[in-house]
Each structure stands twice: as structure tokens, then as C-alpha cells.
Amino acid sequence: THLDWTHDSVTPRMIDWFWSNMEKGFILWHPEQHEPLEWVVAPKHGDPIGSVHNAPQTWSDGRRQNLYIRMERLLDVAPEVRDHIRYEHVVIVAGLGLEESCLAKPEPMGYRIHQWQKTDDGVVGRSTAYGTRKKETEADGKVWAAHCAQEVGNWGVFLPQLYTLYKVVNDPRRNPF
């Protein structure tokens, strides 16, 4: 499942920053479905790779889930996942499971690929759902696409302001990037 998107007044740097600071805007990212994000393994200043977060949420189909999600190193994902990359900036996250027990054997159910690059007015991007251990049905793809459309759509509403507000926080423990 792919979702193409654009934003005026959002820069690639803002989205890059977001991935290490998701807890600051997770509810704003999808106000109807997200609950507060918790870092299981927090990002390190300058490197979100390997960080793991619990992203509790209830999707439009009524499923409430605790999604344990890890930021992946590009070289650690299969070539067929990397083949979806078209833009300059990319984050690949692995859905590890729906319960804390998945952390003991973190074999991804699938991946989400978010990628973007600069345009004259902002950014253009694409988000992709790629199932591995848990194959995604057409219905799953539609539920995720609707969820993702709201998430990336809301970046244009809150991200420029949130990024600007946090410019005053120089402590990398509170504002890693």
C-alpha cells in the first residue's frame, strides 16, 4: 500500500527532527486515534536508529493496539523493502508486535517506509506499508492508508510550529536530533 503526499511550509529538516521527538507531537499526529507515545528504547542524540516506541492507538476499524515499533538501519532491511525508496530522506520502521513480549524476539511483522524530499514550496513524500511475517490484506491496506493519510496530513497543521517551539531547547536529552 502506498500513499503519496505533499506539504507546503514543511521542510525535510522538520520531518527528520520529528522521528527523534515523536512523543512531542504524537497525539497531534492523529488526534482521533493516538494515545501518548512511550519510548521503550529512546533515540540517542543524532541517531534514532534502533530506538523502539510503543504507539498505543485505536484505528477506524475499532482495533485498539499497542504497536511496538523500531527504527531500522537501512542496511538491515531486505533489498525488496529498500527497493521502495525514491526520495532523499527516508525512515524505515519495523512493526515488532502488539505486546511487550515481542521485544524478546523482535522479528518484524512488516515495515512502514516514510520518505520525503524538498520541493520549491515544502516537501513531497510517499509512505508505504510492506507486510512480511504478517501479510497485509486489501482491507488492512485501506485501514492503514486512511490512518496514514491523517498522520502525514497533520504534519502541515502542527509540525512547523512544534519544530519552531523546540528550537529553544538545546539539551539533547530533551530534544535529540
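The paragraphs below walk through the nonpolar cores and the aromatic rings. Please keep in mind that this is a predicted model.

Let's begin with the largest nonpolar core, which has 32 residues. If you want to find it on screen, look for the residues with the most contacts inside it: I15, F18, W19, M22, W29, W155 and L159. Several elements give two or more residues to this core, namely the strands β1 (2-8), β4 (64-71), β5 (89-97) and β7 (122-131), together with the helices α1 (12-20), α2 (26-29) and α4 (138-165). Helix α4 supplies the largest share, 10 residues. Now pick out L159: leaving aside residues up to four places away in sequence, L159 touches V10, M14, I15, W17, F18 and N154. Apart from this core lies another one, made of 10 residues, including Y68, V77, A94 and Y111.

Next come the rings. How many aromatic pairs does a search of the whole structure find? There are 12. F18 and W19 are both buried. W19 also pairs edge-to-face with W29, at 5.7 Å centre to centre and 85° between the planes. This second pair links distant parts of the chain, since W19 belongs to helix α1 and W29 to helix α2, 10 residues apart. Like W19, W29 is buried. Ring pairs join W5, F18, W19, F26, W29, W116, W155 and F158 into a cluster.

Finally, look for K24, whose charged end sits over the ring of Y166, 5.0 Å from the ring's centre.

How values were computed:
Residues are numbered from 1 along each chain as its sequence is written. This is a predicted model: local features need pLDDT of at least 70, side-chain atom pairs count only at pLDDT 80 or more; totals for chains, interfaces and linings use all residues. Side-chain values use heavy atoms; hydrogens and water are left out. A nonpolar core is a set of buried Ala, Val, Leu, Ile, Met, Phe, Trp, Tyr and Cys residues joined through side-chain atoms within 4.5 Å. Buried means under 20% relative accessible area, exposed over 50%, partly exposed in between (1.4 Å probe, protein chains only). Helices (H or I, at least four residues) and strands (E, at least two) are DSSP runs, numbered from the N terminus. Contact means heavy atoms within 4.5 Å. Rings of Phe, Tyr and Trp (its six-membered ring) pair if their centres lie within 6.5 Å; planes under 30 degrees apart count as stacked, over 60 as edge-to-face and the rest as tilted. A charge sits over a ring if NZ of Lys or CZ of Arg is within 6 Å of the ring centre and within 35 degrees of the ring normal.
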